[in-house]
Amino acid sequence: MPTAQEYLRPEVIAQVQRLDLRARFLVEGFLAGLHRSPFHGFSVEFSEHRKYTPGDDTRLLDWNVFAKTDRFYIRKYQAETNLDTYLLVDMSGSMDYPSLAEPDFAAGRLRKIDYAICLAAAIGYMLIHQQDAVGLATFGQRLRTFLGPKAKRSHLMSMLAELANVRPYGPTRLAAAIHDVADRVRKRSLMVLFSDLLADEVDPVVEALHHLRFRGHDLIVFHVLSEDEAVFPFQGPKRFTDVESDTHVDSDATAIRAAYLEELGRFIDRYRTETTRTGADFVSIHTGMTFDKALLRFLIGRQRRC
């Protein structure tokens, strides 16, 4: 079982740092308007004035008001904290594919859950490095873990330890878990979902994603598939087994490949259409991609929409 430190891969962190993720978000308007300065007096907006009293910082005097009224007034700025981020990680059984005795990070042989955790770790590291608070929610049939956001490196390691010690299992109840998160988090936040989205029905999941947006949260959906699922390299007679239910289908992989990829394309397009319609971001990635390519795919897509 990988440790929390192993998921915080130096090469992945380096890729994210090269992309300068948060700075790109700011440039492209992703966090612009959501982040106001946490330092009193540096925001571009102030909510009201109040009369000057001895001891107030004279640098905050509004001289324009003084010129009109011949009285001293202080600008009261609206102070806001940095944006909170929640990493929402699907821990259902389907994220355990392909079943491996031990993931090989160097060779890129990863389960979907390993890939999702590495990407979440890199993003969490960068946000905490920028003094943004990060929280965690994991789910399968229900919400399993919910850790509130903190801006400490030790908190990130606690979240990764939680992820590393829980094996994905059971069927997906994605919609119910997302609704639960939407009901719990009242403060406007950034929600970053890592999931293969392989729920029984698409409509309830779409409705749950809309619930997050209705609550005012910003949303990025990283749709994580295995390379096998994304490119379907199989040939000849194969038995395909559902990792969540152990039901299986025997088929000729060569004969069904075109139909499978066409159906997968429709599935991905449905989610992309529904998420982008609400102003959220949808990124389709698979475990065969390098992490920087996965993030670049998001940033390029974001740039095209801005």
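Which residues does M159 touch, not counting residues up to four places away in sequence?

Modeller: The model is a predicted one, and the answer should be read with that in mind. Not counting residues up to four places away in sequence, M159 touches V134, G135, L136 and L147. The residue itself belongs to helix 6, which covers residues 153–164, and with a relative accessible area of 2% M159 is buried, because buried means under 20%.

Buried residues make up 47% of its 306 residues, and M159 is one of the buried ones. Among the contacts in the chain with a separation of 6 or more, 72% are between residues 24 or more positions apart. The chain exposes about 15400 Å², of which carbon and sulfur atoms supply 51%.

D96 is another buried residue, with a relative accessible area of 10%, although its place is in the loop between strand 3 (84–90) and helix 5 (112–129). Leaving aside residues up to four places away in sequence, D96 touches R111, R167 and P168, and its side chain is joined to that of R167 by a polar contact of 2.7 Å. The loop between strand 3 and helix 5 also holds P98, which is joined to Y97 by a cis peptide bond with an omega of about -10°. Most residues other than glycine have a negative phi, and most peptide bonds are trans.

The largest pocket has a volume of about 1100 Å³. Of the 32 residues that line this pocket, L198, E229, T241, D242 and Y260 are the closest to its centre. Helix 9 (227–231), strand 8 (237–241), strand 9 (248–252) and helix 10 (253–277) are the elements that give two or more residues to the lining, and helix 10 gives the most, with five residues. By class, the lining has 15 nonpolar, six polar and eleven charged residues.

Strand 9 also contains D250, which, with a relative accessible area of 48%, is partly exposed. The C-alpha atoms of D250 and K238 are separated by 5.8 Å, although the two residues are twelve residues apart along the chain. Not counting residues up to four places away in sequence, D250 touches K238 and R239, and a polar contact of 2.7 Å joins the side chains of D250 and R239.

To return to the part you asked about, M159 in helix 6 is buried at 2% relative accessible area, and V134, G135, L136 and L147 are the residues it touches once those up to four places away in sequence are set aside.

Key. Residues are numbered from 1 along each chain as its sequence is written. This is a predicted model: local features need pLDDT of at least 70, side-chain atom pairs count only at pLDDT 80 or more; totals for chains, interfaces and linings use all residues. Side-chain values use heavy atoms; hydrogens and water are left out. Buried means under 20% relative accessible area, exposed over 50%, partly exposed in between (1.4 Å probe, protein chains only). Contact means heavy atoms within 4.5 Å. Accessible areas come from the Shrake-Rupley method with a 1.4 Å probe; for residues, only the protein chains shown count as cover. On a 1 Å grid over the protein atoms alone, a cavity is a set of points where a 1.4 Å probe fits but cannot get out, and a pocket is an open set with protein on both sides within 12 Å along at least five of seven lines; lining residues have an atom within 4 Å of a point. Grid points are joined across faces, edges and corners, and a volume is the space filled by probe spheres set on the points. Helices (H or I, at least four residues) and strands (E, at least two) are DSSP runs, numbered from the N terminus. Ala, Val, Leu, Ile, Met, Phe, Trp, Tyr, Cys and Pro count as nonpolar, Asp, Glu, Lys and Arg as charged, and the others, Gly among them, as polar. A polar contact is a pair of N or O atoms within 3.5 Å; within protein, one must be able to donate a hydrogen and the other to accept it, and residues adjacent in sequence count only if both atoms are side-chain atoms.
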